Amino acid sequence: MDEEQEARRSHRRAWSFSSLRNKRKPSDGDGGGFSMRRGLRSFSSVREGQRKGKGEDLPSETCKGEDEDHASGQHTEIATGGFLGTEDEEAGSMMKKRLSTAWSSFRGKLGRDRGLKEAEPSPGEIAADVLSSDNTGKEPRYSSTQFFFEYLVVVSLKKTKEAYEPQITYQFPKKDGLVRFQKEEQEKTFKAITLFCFPEGINWEPLTEYPSETFSFVLTEIDGSRRNGYCRRLLPNGKGARPPEAYCIISSLACFGLFSKIFDEVEKRRQISMAMIYPFMQSLREAPFPAPGNTVKIKSFIPDAGTEIISLTRPLDSWLEHVDFRTLFRCLSDEEVLQVFAATVLERRIIFIAEELSTLSQVIHAVAVLLSPFTWQHTLIPIVPEILIDVVMAPTPYLLGVQKRLLDLVIDQSDLLVVDLSENRQETFITKIGDEKTIIPHKLRDEILQALKTRPEKATVEELNRVVPAAFFPFFVKTVGHFNQHILRKAGEPAVFQRRNFCKALESKSTRHFVKKFVQTQMFDLFIQDVEQQPASQEGFFQKKVAEYREKMKKEKTKKH
């Protein structure tokens, strides 16, 4: 057992990219982005899910509320990291210097402003306004008393002497009476917002036509708290050529579909008058956030239309509410999706290329969710701003979204999978390592492809949310679902995962070959750390799903006989 423990310690020391880990909490949200700690210049890794205690905190894209955040979610967070003494140390040092220069103006916290929270309504006030008296003893309809959002801002492109510069021209709510450090933190947040709303920088010209698009990003603090940015860019009302503008909502909640509907309402009111946005957003801010499967109704008055009732409903599967699989399967064939999945499972460097920001955002979040019940533990930036394009040179794993006009700046890297999502592409994989088709054991690969074929030709979001997880989840059950049988627990001693016995327990040689690689990934390593720290009586999300799956298979086998 001493050899096992020493091997585990050596394995963890070997990672060239490390950061403080905030281990997953039951009520985490999701996200991906950059954050810098005051006084510390280093590259930040986006993380997809918060973890308990100290340690790396990585992107998962589910909603933040009282419901548990189980899946690899949709948005990833960034934890400030340092490069350890490995063969990549010199390259890591160069990357830190290059990226810290780009982010020097954003050092400090990008998370929630300390002390800025406005008074929230008490549970009693919310109950009086929204909850019906017959809900006693039933499932809660609202997940918490937190606000739907923190800010709504409008980012406009203002003409300067040489080009167009993104500037915030509208903010709700206004926060007055801030002390100096609070103003500084707010200014840094707003600078980050303008950067991610217009990642192209200042290269804009007036337009007469511009298709509306919605995408997301995440701002993450070193302590693991995350704020999701939802952005809709469109051409404002007016005549003649004009630059686009962006509506941006900052929220701790990761629910892309819900906020897309909110943008529809904001856009409708903006066409009438900017003043019409205020009462709607005020009503939304005062409303409680619904629990999974429940609805909150917002009253809003519009001239000539009267009072409208706007219903905002959360999906029952909260860990899928920040993802839309339709874009992924529209851009890639099932076979291509499987190759991307295989590279992601082994934590490789992957860059997605597309013209549209919404395509990049939706595809990367969808790929991250395919890893459920595991969480992508490395850099995840759905849309890389042009000023930060040097991130592609990082020697550590990442999932990045890059606009096609910057393609020439990324394809000179080695050991990289570059996936072109463009409609007019000549080939899907611009560069690749070459073994992507053989990473997944042949039998399991065929099972996933067969399960994906059961979806309708023009599947809805709900149908894809049912079929896609059902196709990929059994893969993890069959390869590593027996992990709990190899956790050695002794009274008064820390639990120890018996890695060697775990791998030997697999009968299939091809599956065992894959698992020996997968257990070396950081996503599996952190997952096992969580399991080791759990009491033996506590059953985690994966254990429950494994038991449910095996029970389902047993019933189906019984029916056949």
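In soluble globular proteins, nonpolar side chains tend to be buried together.

**Overall make-up**

The protein has 561 residues, of which 58% count as buried. The fold comprises 15 helices and 19 strands. Among contacts with a separation of 6 or more, 71% come from residues 24 or more positions apart.

**Confidence**

How far can the coordinates be trusted? The mean pLDDT of the protein is 75, and 72% of the residues score at least 70. Helix H8 has the highest confidence, at 97. Helix H3, residues 123-129, has the lowest, at a mean of 30. Over residues 3-145 the pLDDT is below 50. That stretch still has 493 contacts in the model beyond near neighbours in sequence. Where pLDDT is low, the predicted coordinates should not be read in detail.

**The five-stranded sheet**

An open sheet of 5 strands runs in the order S14-S15-S13-S16-S17. The pairing is mixed. Strand S14 (379-381) and strand S17 (429-431) are the edge strands, and each pairs on one side only. From one strand to the next, the twist averages 25 degrees. Inside the sheet, strand S13 (residues 349-354) and strand S16 (residues 417-420) run parallel, joined by 4 bridges. Ile353 stands opposite Asp420 in S16. Helix H8, residues 334-345, packs on this sheet. H8 touches S13, strand S15 (398-403), S16 and S17. The direction of H8 makes about 145 degrees with that of S13.

**Strand S5 and its partners**

Strand S5 covers residues 151-159. S5 is mostly covered, with 7 of its 9 residues buried. S5 has pairings with S6 and S9.

| Strand pair | Sense | Bridges |
|---|---|---|
| S5 and S6 (residues 164-172) | antiparallel | 8 bridges |
| S5 and S9 (residues 245-251) | antiparallel | 6 bridges |
| S13 (residues 349-354) and S16 (residues 417-420) | parallel | 4 bridges |

A hairpin joins S5 to S6 through 4 residues. Across this pair, Val153 has Gln171 in S6 as its bridge partner. On the S9 side, Leu152 stands opposite Ile249.

Is Leu152 buried or exposed? Leu152 counts as buried because its relative accessibility is 0%, against a cut-off of under 20%. Leu152 and Ile249 are 97 residues apart along the chain, yet their C-alpha atoms are separated by 4.5 Å. Setting aside residues up to four places away in sequence, Leu152 touches Tyr170, Gln171, Phe172, Cys248, Ile249, Ile277 and Met281.

**Helix H13**

Which residues of helix H13 (residues 509-518) are buried? They are Thr511, Phe514, Val515 and Phe518. Seen down the axis of H13, the buried residues fall within an arc of 100 degrees, so they line one face of the helix. Their cover includes H8, helix H10 (442-452), H11, helix H12 (499-504) and helix H14 (522-533).

**A buried loop residue**

Gln534 lies in the loop between H14 and helix H15 (541-560). At 16% relative accessibility, Gln534 counts as buried. Beyond neighbours within four places in sequence, Gln534 is in contact with Arg489, Gly540 and Gln543. From C-alpha to C-alpha, Gln534 and Ala495 are 8.8 Å apart in space, and 39 residues apart in sequence.

Notes. Residues numbered from 1 in each chain as written. Predicted model: local features only at pLDDT ≥ 70, side-chain atom pairs only at ≥ 80, totals over all residues. Heavy atoms only, no water. Pairing = 2+ DSSP bridges. Helix = DSSP H or I, 4+ residues; strand = E, 2+ residues; numbered from the N terminus. Axes fitted to C-alpha atoms, helices over the stretch in contact; angles between N-to-C directions. Contact = heavy atoms within 4.5 Å. Buried < 20%, exposed > 50% of the residue type's maximum accessible area, 1.4 Å probe, protein only. pLDDT = per-residue confidence, 0-100. Arc of directions from axis to C-beta.
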